[in-house]
Amino acid sequence: MNYEIVELSQLSGNYTTIYSIIVNGETQSLFENFIEENKNKHRDELISILDRLKVIADETGAREGFFKHKEGKPGDLVCALYDEPDRNLRLYCIRNGNVAIILGGGGLKEVTAWQHDPKLSKEANAMIEVSEDIFQRLKEGDLRWSPDGKKLIGNLNFSEDEEDE
Amino acid sequence: MKKTNNTTAKQHTSSLIGELMAESSPLEKARVKNRMELAARIEDLLIQKKWNKKEFAKRIGKHPSEITKWLSGTHNFTQDILTEITLVLNISLSDLYSKKQVQTLNTTTVFVSLKQVPKGISYATPYSSVFASELDYKTKSSQKASLSLTYTDN
């Protein structure tokens with residue numbers, strides 16, 4: 001997957017920086033694709049998700065309890081925003097402590113595990129891949145977190161060709 | 001020597017995000033904020049008391065999954081439940097709404113190189129100890145391992 005990590009300036013705040021992923025030079029991020037896909041059927045739920053992300057960014061930080069963990073592989077920090085009661089719109093992300101989150105895509109969760117739903121599998125696997133790539137770059141020193149953990153610094157463009165070299 | 005790249009992420013604005021954010025009513029925004037801040041406040045109080053979710057669940061007589069919901073920031077607490085929480089935490093209701101603590105929590109990834117050492121030397125951490133022979137068995141040879149550390153800035 002070729003992609004770039006971008007900061008969502010309308011959502012980022014003093015406590016938490018909010019990022020998303022733009023794949024293959026497209027104009028919209030994975031998070032915007034998620035909004036686009038669900039805006040007609042689940043508009044209220046999307047508005048609520050945006051309200052919650054704004055509170056996380058400006059007021060509370062990305063508290064552990066606000067997320068469902070262990071959505072990816074052990075230790076990869078892939079998680080999902082906690083669903084509101086009686087609602088099942090699942091949004092996958094990568095959480096770096098309370099101070100940064102990278103939003104991916106998601107969808108309606110009607111199965112017990114995302115592995116049983118092709119759409120959710122695609123979205124969760126994309127975030128698992130992003131997490132692995134970031135981890136690799138952190139390890140190699142091409143990417144680092146700022147001292148306060150809020151900002152990713154370094155090469156934020158990921159291309160499959162580069163990884164193969 | 002590797003050149004330091006100090007590039008930060010591009011700022012991305014979205015008309016789609018802006019459009020939906022503008023549709024949220026002040027009442028709904030306030031509801032969401034209050035629920036999340038209350039959950040964060042309860043989490044801070046549990047951290048202060050060094051109670052995990054299981055411990056708190058036991059003391060308040062609930063299943064741990066109920067506590068998970070409370071801390072999710074989506075729960076609409078009843079007055080009765082808030083009263084139960086204040087009793088168990090030994091605080092007043094107004095304490096529950098007092099100024100929040102600023103909690104900054106970062107995750108740092110540390111890369112560690114493991115190497116073979118003579119058998120019989122033990123590795124010890126505050127939580128466990130593993131004999132070199134076991135470690136050699138698990139890692140087979142010199143390998144790189146990594147772990148994530150979570151810490152709080154005060």
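User: How many contacts beyond four places in sequence does the model have for residues 150-154 of chain B?
Analyst: Nine, with pLDDT under 50 over that stretch. pLDDT is the predictor's per-residue confidence, from 0 to 100, and a contact means C-beta atoms, placed from the backbone, within 7 Å. This is a predicted model: local features need pLDDT of at least 70 and side-chain atom pairs 80 or more, while totals for chains, interfaces and linings use all residues. Residues are numbered from 1 along each chain as written, with chains lettered from A and ligands numbered from 1 in written order.

User: What does chain B average overall?
Analyst: A pLDDT of 77, with 62% of the residues at 70 or above. Residues 123-146 of chain B fall below 50, yet that stretch has 31 contacts beyond near neighbours in sequence.

User: New topic: B:Val32, buried or exposed?
Analyst: Buried, because 23 other C-beta atoms lie within 10 Å. The cut-offs, using C-beta atoms placed from the backbone, are 20 or more within 10 Å for buried, 12 or fewer for exposed, and partly exposed in between.

User: Which chain A residues does B:Val32 touch?
Analyst: A:Ser48, A:Asp51, A:Arg52 and A:Val55.

Definitions and conventions. Two residues are in contact if their C-beta atoms, placed from the backbone, lie within 7 Å.
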